[in-house]
Structure formats: C-alpha cells, structure tokens
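Please read them with the structure open.

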Amino acid sequence: MNDRRRGALVGFGGVAEHGHWPGWRDDSRFEVGAVVEPLPAGRERARAALGDAVRIYDDLVACLEAEALDFLDVATPPAHHLPAIEAAAEAGLHVLVEKPLALTPQEAERAETAAREAGTALLVVHNWHHAPVFRAAREALSSGAIGSVREVTFITERTEPASGGGASWRLEREVSGGGILVDHGWHQLYVARALLGGADPERVRATIETRRWHEASVEDTAHADVEYIGGAVARLRLTWAAEARRTLVKVRGEKGALRIEGQAVRVIPETGGAHDWRVDDDAPDDSYHATWFPRILDAFAEAMEDPKAAAGNLREARLGQAVIDAAYRSGAKGGAPVDV
Ligand SMILES: NC(=O)c1ccc[n+]([C@@H]2O[C@H](COP(=O)([O-])OP(=O)(O)OC[C@H]3O[C@@H](n4cnc5c(N)ncnc54)[C@H](O)[C@@H]3O)[C@@H](O)[C@H]2O)c1
C-alpha cells in the first residue's frame with residue numbers, strides 16, 4: 001500500500017528546484033505528484049527535474065480540480081502565498097509555505113484563520129534555524145557560555161537581490177511586500193529572537209533607504225533596532241548595495257560575546273580564553289540551502305498529524321510580520337519608535 005502523503009509544488013522557481021525538490025525527492029514519507037507553474041520555462045525545468053510521472057499545470061485551480069492531494073508546497077513570490085493558502089484550506093489540504101507568510105499582518109492573519117478553520121497544517125519555511133552555525137550558537141548560548149543574552153547585531157550584506165537585479169519580483173513592492181527587510185529581515189527576525197531566548201518584540205526604530213537599486217519600488221537597505229520585552233535588543237542591518245557578500249552575527253551576553261561569521265562560531269567570555277567552534281556544513285553558499293530543508297519536512301510531517309504542532313512556527317511568523325510592518329511605519333516617520 002502506498003501511504004505516502006501526496007502533494008503539489010506551487011511555483012517551480014529557484015527555491016522550489018534547488019532548495020525544496022531534493023528534500024521531497026529523498027523523503028519516502030512524501031510524494032510530489034504535481035507542479036503548478038505559470039511560466040513555460042519553469043514548467044520545462046520541472047519536467048526535466050521531476051520526470052514524466054508528474055503532472056504539470058499552469059494554474060492552481062486546474063491542479064486542485066484534477067488531483068487528489070494531501071498538501072501544497074507554496075514557493076511562489078509572496079503576493080501569491082495567501083491565495084494559494086486559502087485555496088488549499090478550501091480543499092482541505094495542508095500547506096508548507098515559503099517566507100514571508102504573506103504581504104501584511106492582516107493577510108497573515110487571514111492565512112492562519114483559513115488553515116485553523118479547515119483544521120489543516122500551515123507551516124512557514126524557517127530554514128535558517130537549521131543552519132549548522134545557528135544550531136551551534138544556540139547550543140553554546142544555552143550552555144550559559146556568555147550568560148543571559150542582551151543584544152544581537154545581525155548583518156546581511158549582499159551586492160544584489162537573490163535572483164539578480166533587473167526584472168526581479170524582489171524589487172516590485174506589489175509582489176514582494178517590501179525589499180531586503182522582507183526578503184532577508186524575515187530570517188534575521190526569527191533567528192535573532194531564538195538567540196535572545198524567545199522574548200517577544202515590543203518596539204522598533206528603523207531607517208529604510210535606497211542606495212543602489214533606484215529603479216526598484218522597494219528599499220535596498222534597512223536598519224531596524226528591535227526592543228524586546230525584558231530589555232534585550234536586536235540590531236538588524238541589511239543591504240543589497242554592498243561591495244561584497246557578508247553575513248555576520250554578533251551576540252552580546254552578560255558574561256561575554258559570541259560571533260558567528262561564515263562557518264565559524266567564536267565564544268569570547270569576559271574572563272578571557274576565546275573558544276572557536278568549527279561547524280561542519282558542506283552546503284553550498286547559495287540562496288537555497290537544500291541541506292537545511294529535511295528538518296522542515298520533519299516539522300511538516302508532525303504538523304500534518306497535529307496542526308497545533310506548528311503553533312510556535314506561526315507565532316514566529318506573526319511576530320516577524322508585525323515587526324516588519326512596524327519597521328516600515330517607523331521608517332516613514334524618520335526612525336521614530338513604533339510599537340509592534
Ligand atoms: N527560505 C529560503 O531560504 C528562501 C530562499 C529563496 C527564496 N525563498 C522564498 O521562496 C519564494 C520563491 O522565491 P524564488 O527565489 O524561488 O523565486 P523565483 O522567482 O525563482 O520562483 C518563483 C516561481 O513562482 C512562479 N509563480 C508566480 N506566480 C505563481 C502562481 N500564482 N502560481 C504558481 N507559481 C507561480 C514563478 O513563475 C516562478 O517560477 C519567495 O517567497 C521567497 O521569499 C526562500
């Protein structure tokens with residue numbers, strides 16, 4: 001008997017092909033039976049990668065009418081997340097959705113409500129939690145290496161948006177919901193909150209700028225200082241206008257500091273004697289992180305059994321969506337503090 005959960009990939013672009021598909025292919029709990037992709041070139045890539053047994057549609061409605069499915073994996077640009085989640089809920093299907101959950105806090109709430117009322121799982125791909133460096137850093141922090149964490153500075157510098165400049169949807173506000181603050185800031189927010197031990201955000205001050213991608217309708221540079229209940233702070237620093245690619249996280253605790261750069265985690269206690277952890281991660285330094293995806297599938301399998309298992313993930317998503325919204329409002333007021 002084939003008791004594998006059967007699903008469709010919705011959107012077959014970069015992350016679906018290089019980040020998700022290898023995980024689905026190698027996991028015997030699941031079977032991908034269909035792909036929905038409006039672009040002919042994307043459909044051809046899906047055919048080449050997934051083979052002839054998979055049915056390929058240019059539209060989700062046609063797919064839902066024709067296929068018997070258990071779940072959708074939504075990897076479209078953000079503006080299409082909510083319509084796909086609502087259609088899935090109506091059809092009684094579970095949903096794994098790429099970040100950001102939706103374009104606005106109101107849309108995110110609609111998405112959650114649709115899944116809750118349908119009794120189906122909704123899980124957002126928070127894959128950076130599973131990056132070996134962040135796992136190692138969380139382990140070091142929970143062992144008390146630098147005491148209670150007070151501040152996280154998270155720097156993400158890129159020379160351009162992930163899919164290049166030019167016609168990328170990442171530069172169109174109506175499709176993306178925002179610029180680098182949405183695209184990378186979303187990851188920074190759930191990672192920073194985890195490093196800070198899970199406190200809730202309270203207030204944001206932000207500056208939002210365009211430095212290089214002037215034809216875009218979104219920012220390419222954002223700075224946001226997020227204050228959490230209890231007094232901890234996250235300083236998010238993001239740009240698509242850097243001279244080189246760099247990701248750096250600095251964590252300050254009551255008894256020392258921790259630094260994450262590349263594949264290295266360094267603990268620097270106040271008492272001296274810095275300690276380096278070399279982290280094994282043979283993942284390519286691309287934007288898709290296929291090696292982090294299998295753990296997302298574990299969480300999705302669990303949420304399919306009990307949708308409440310995704311409550312913590314959805315809370316992270318809701319808080320992230322709220323902080324980003326507050327940051328844009330702060331930016332519009334010249335960096336004035338805005339409550340989350
Ligand atoms: N978690 C991560 O590390 C990570 C990395 C990259 C992208 N992402 C997210 O994944 C999503 C897709 O990003 P990408 O880089 O793969 O973009 P992409 O442009 O490469 O792919 C998106 C695909 O969706 C298709 N599409 C557009 N509208 C559709 C619709 N209504 N129905 C079905 N398909 C549709 C497009 O034709 C395209 O092939 C975004 O939400 C992005 O933020 C997450």
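1. Basis. This is a predicted model, in which local features need pLDDT of at least 70 and side-chain atom pairs count only at pLDDT 80 or more, while totals for chains, interfaces and linings use all residues. Residues are numbered from 1 along each chain as its sequence is written, and side-chain values use heavy atoms, with hydrogens and water left out.

2. Domains. The chain is assigned domain 1 (5–126) and domain 2 (128–291 + 320–339); such bounds come from an automatic or database domain assignment. Taken over C-alpha atoms, the centres of domain 1 and domain 2 are 27 Å apart. The contact between them takes 18 residues from domain 1 and 18 residues from domain 2, contact meaning heavy atoms within 4.5 Å.

3. Ligand shell. The ligand is surrounded by 25 residues, the closest being Gly14, Val15, Glu37, Lys99 and Trp169; a residue is near the ligand if one of its heavy atoms lies within 4 Å of it. Both domain 1 and domain 2 supply at least three residues to this shell. By class the shell holds 10 nonpolar, 10 polar and five charged residues. Here Ala, Val, Leu, Ile, Met, Phe, Trp, Tyr, Cys and Pro count as nonpolar, Asp, Glu, Lys and Arg as charged, and the others, Gly among them, as polar.

4. Ligand atom pairs. An oxygen atom of the ligand lies 2.8 Å from a backbone N or O atom of Val15. A side-chain N or O atom of Glu98 is 3.0 Å from a nitrogen atom of the ligand. For Trp169, a side-chain N or O atom is 2.8 Å from an oxygen atom of the ligand. The ligand taken alone exposes 850 Å², and the protein buries 86% of that (Shrake-Rupley method, 1.4 Å probe).

5. His126. This residue lies in the loop between β6 (122–124) and α6 (132–142); helices (H or I, at least four residues) and strands (E, at least two) are DSSP runs, numbered from the N terminus. His126 counts as buried because its relative accessibility is 2% (buried is under 20%, exposed over 50%, partly exposed in between; 1.4 Å probe, protein chains only). Leaving aside residues up to four places away in sequence, His126 touches Trp186, Tyr190, Ile296, Asn313, Glu316 and Ala317.

6. Glu139. Glu139 sits in helix α6. Its relative accessibility is 57%, so Glu139 counts as exposed. From C-alpha to C-alpha, Glu139 is 9.7 Å from Leu195, with the two 56 residues apart in sequence.

Methods:
Polar contact = N/O pair within 3.5 Å; in protein donor to acceptor, adjacent residues only side chain to side chain.
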